Amino acid sequence: MLTRRGCLIALAIVTGAGACLRFYGLSKGAPYHHFHIDEHFVFAGADLLRQSMTKAAESQKFFMYGPLPMHMVNVARSVYEWLGGPLTLSAPDDGTTYMLLGRSISALLGTATIPLVFLIARRL
């Protein structure tokens, strides 16, 4: 049986390995939507939401997904723009950066499930 310290070390190693696997290849296919077809709806919806809630609500495709990921992408974009300057989404490099911000959120939340599952399993 592992000690508490041993469990934490094992959890850190597994979480680190999971993060490496989840973040690897994050830019694949960016800024094009051919590889991850649903991304377009989240990113376009986030951009519409950033422009105005009315404009987003009038879009036919806006309600395909819940607004939480879109708000999260907008928060990440605001922080990025505050630190590094505005993003012009029509420029390929800025479009790639925008997609990487969104994919990073997904990868981070996916990685965070590893310790969460560990805690649940430990309780059971």
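Which residues make the nonpolar surface patch of about 500 Å²? In this predicted model, the patch is made by V75, V79, W82 and L83. One of these residues, L83, is found in helix α4, which spans residues 68-84. With a relative accessible area of 64%, L83 is exposed, because exposure requires a value over 50%.

**The nonpolar core**

The largest nonpolar core holds 15 residues, and the members that touch the most others are F43, A46, M70, V73 and Y98. Helices α2, α4 and α5 each supply at least two residues of this core. Helix α2 gives the largest share, five residues.

Two of the core residues named above, F43 and Y98, also belong to the topic of ring contacts. The structure holds one aromatic pair. The ring centres of F43 and Y98 lie 5.3 Å apart and their planes meet at 50°, so the pair is tilted. This pair links distant parts of the chain: F43 is in helix α2 (residues 39-51), Y98 is in helix α5 (residues 92-123), and 55 residues separate them in the chain. F43 has a relative accessibility of 7% and therefore counts as buried. Y98, at a relative accessible area of 4%, is buried as well.

**Salt bridges**

The structure holds four salt bridges.

| Salt bridge | N to O distance |
|---|---|
| R103 and E39 | 2.6 Å |
| D47 and R77 | 3.0 Å |
| R50 and E81 | 2.3 Å |

The side chains of R103 and E39 meet in a salt bridge. This pair links distant parts of the chain, with R103 in helix α5 and E39 in helix α2, 64 residues apart. R103 is buried, and E39 is buried too.

What do the other two tabulated pairs connect? A salt bridge joins D47 to R77. D47 lies in helix α2 and R77 in helix α4, so this pair ties together parts that are 30 residues apart in sequence. R77 is buried, its relative accessible area being 6%.

R50 forms a salt bridge with E81. Here again distant parts of the chain are linked: R50 is in helix α2 and E81 in helix α4, 31 residues apart. R50 is partly exposed, with a relative accessible area of 34%. E81, by contrast, is buried at 16%, because this value falls under the 20% limit for buried residues. Salt bridges that share partners join D47, R50, R77 and E81 into one network.

**Cysteines**

How many disulfides does a search of the whole structure find? The search finds zero. Among the cysteines, C7 has a relative accessible area of 26% and is therefore partly exposed. C20, at 55% relative accessibility, counts as exposed.

**Helix α2 in context**

Several of the contacts described above involve helix α2. Its residue F43 takes part in the aromatic pair with Y98 of helix α5. E39 of helix α2 is paired with R103 of helix α5, while D47 of helix α2 is paired with R77 of helix α4. R50, also in helix α2, is paired with E81 of helix α4.

Terms used
Residues numbered from 1 in each chain as written. Predicted model: local features only at pLDDT ≥ 70, side-chain atom pairs only at ≥ 80, totals over all residues. Heavy atoms only, no water. Phe/Tyr/Trp six-rings, centres within 6.5 Å; stacked < 30°, edge-to-face > 60°. Helix = DSSP H or I, 4+ residues; strand = E, 2+ residues; numbered from the N terminus. Buried < 20%, exposed > 50% of the residue type's maximum accessible area, 1.4 Å probe, protein only. Patch = residues over 30% accessible without salt bridge, like charges linked within 9 Å, V, L, I, M, F, W, Y side chains within 5 Å. Areas by Shrake-Rupley, 256 points an atom, 1.4 Å probe, with all protein chains shown as cover. Core = buried A, V, L, I, M, F, W, Y, C linked by side-chain atoms within 4.5 Å. Disulfide = S-S within 2.5 Å.
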